Amino acid sequence: MMAHLAISAFNHLLQQQDWLCEQLRPFAGRKVALGESPLQVVALIQPDGYLHALPGDAEPDASIRIPLSSLPLMLGDAAQRRGAVQISGDPALAAALGEVLQALQWDVSADLSRLLGDTAATPIARQWQQYWDTHREQWQVLGQQLAEYARDEAGLLADPEAVSRFVNDIDTLRDDVARLEARLSLLEAKRSATGDSA
């Protein structure tokens, strides 16, 4: 149910900017996952560029995830938002989907016009835009502060440098284990050869 609602909302935004469908049409038949479990949505890209919801256990060709711990970063600036998103799978598909997601914008006035008519929709949409323009910077500062608190004080977010060091340590450990296994195999082969000759 939630997946269908999310895909319907996504398709509605695409319909308001249907030129974005062009970027997804080359990937028709491919599966994409958006979000983070338990709120992950898997969808099939249709030939017209719109999405069709699939069961949650379908294996996607590309995934775009925003870990729950990184949600405060989404209120920050563009660089923080990009840093919070984790992309995996087919890089071309993920890049195209990422570009579409960044370009999507809700045309509030178009939806309000359908509900209330143009006369009422125009001033309401203008007030909404003024509110957003006035408070956008405040929301971004709040997002930055929440991200810094989550990383530095609460320990909910990892420091990128610490993550990089950890990944490098794991790579070194993996290589060391591989070398040790090769040496053990060599010693075992020599021992077997010595035992056979005796």
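**Ground rules.** I number residues from 1 along each chain as its sequence is written. The model is predicted, so local features need pLDDT of at least 70 and side-chain atom pairs count only at pLDDT 80 or more, while totals for chains, interfaces and linings use all residues, and side-chain values use heavy atoms, with hydrogens and water left out.

**Entry 1, the sheet.** I started with the strands (DSSP runs of E, at least two residues, numbered from the N terminus). I found an open sheet of 5 strands in the order 3-2-1-4-5, with mixed pairing (two strands pair if DSSP finds at least two bridges between them). Strand 3 and strand 5 (86–89) are the edge strands, each pairing on one side only. On average, neighbouring strands here are turned by 25° against each other, direction ignored (axes are lines fitted to C-alpha atoms).

**Entry 2, strand 2.** Strand 1 (residues 31–34) pairs with strand 2 in the antiparallel sense over 4 bridges, and V41 of strand 2 is the bridge partner of L34. Strand 3 also runs antiparallel to strand 2, joined by 4 bridges. There I noted A53 as the bridge partner of A43, and L54 of strand 3 opposite V42. The hairpin of strands 2 and 3 has 5 residues between the strands, and its G49 takes a positive phi near 95°.

P55 is in the loop between strand 3 (51–54) and strand 4 (62–65). I count P55 as exposed (over 50%) because its relative accessibility is 52%. P55 and H4 are 51 residues apart in sequence, and their C-alpha atoms are 9.9 Å apart.

For helices I use DSSP runs of H or I, at least four residues. In helix 5 (residues 108–116) I list V108, D111 and L112 as buried. They line one face of the helix, because they fall within an arc of 100° seen down its axis (directions from the axis to the C-beta atoms). Just after helix 5, G117 takes a positive phi of about 95°.

W128 sits in helix 6 (residues 118–153).

Note on methods
Buried means under 20% relative accessible area, exposed over 50%, partly exposed in between (1.4 Å probe, protein chains only). Axes are lines fitted to C-alpha atoms, for helices over the stretch in contact, and angles run from 0 to 180 degrees between N-to-C directions.
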